[in-house]
Amino acid sequence: GFRFYVVTDCEFNSSKLNDIEYIYSHYYNKLEYIRFSSSVGKYVGYTEHGIKNAERWNNGPEVIARRAQKERYCFYNVGVDVEAALTKS
């Protein structure tokens, strides 16, 4: 069978909240075909199918909703992870 999955990731390059990068990727059979990166601010396609979807999604409401995910997903989880680390130390 074929395998489709989505990966959501927050990359922390420093202790500053503004340096966090939110990445949302679609994979099909271990090949990443489209990605949204908060540092780029739009979807980028890596295959023919991904490029077509990126063009469509960048012109629709999907990109606006995805831009807000950095604050909602990454910033919230940073607070949770830091609090958990401080209470265990």
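Analyst: Happy to! Let's start with burial: a residue counts as buried when its relative accessible area is under 20%, and as exposed when that area is over 50%. Keep in mind that this is a predicted model. Here 31% of the 89 residues in the protein chain are buried.

User: What pattern does the protein chain follow along the sequence?

Analyst: Look for the order of strands and helices. This chain has four strands and three helices, and the order is β-β-β-β-α-α-α.

User: How many bridges join strand β3 to strand β4?

Analyst: Four bridges link β3 (residues 31-37) with β4 (residues 42-45), and the two strands run antiparallel. They make a hairpin with four residues between them. In that turn, G41 has a positive phi of about 85°. Across the pair, I34 lies opposite G45 of β4.

User: How should I picture side chains on a strand?

Analyst: Along a regular strand, side chains alternate between the two faces of the sheet.

User: Which side chains meet in a salt bridge at 2.8 Å?

Analyst: Those of E32 and R35, with that distance taken from N to O. E32 is buried at 15% relative accessibility, while R35 is partly exposed at 26%. By the rule used here, the total is two salt bridges. E48 and K52 also form one, at 3.7 Å from N to O.

User: Why are E48 and K52 separated by about one helical turn?

Analyst: Because they sit four residues apart in helix α1 (residues 48-58). E48 is exposed at 60% relative accessibility, and K52 is exposed at 54%.

Notes
Residues are numbered from 1 along each chain as its sequence is written. This is a predicted model: local features need pLDDT of at least 70, side-chain atom pairs count only at pLDDT 80 or more; totals for chains, interfaces and linings use all residues. Side-chain values use heavy atoms; hydrogens and water are left out. Two strands pair if DSSP finds at least two bridges between them. Buried means under 20% relative accessible area, exposed over 50%, partly exposed in between (1.4 Å probe, protein chains only). A salt bridge is a side-chain nitrogen of Lys or Arg within 4 Å of a carboxyl oxygen of Asp or Glu.
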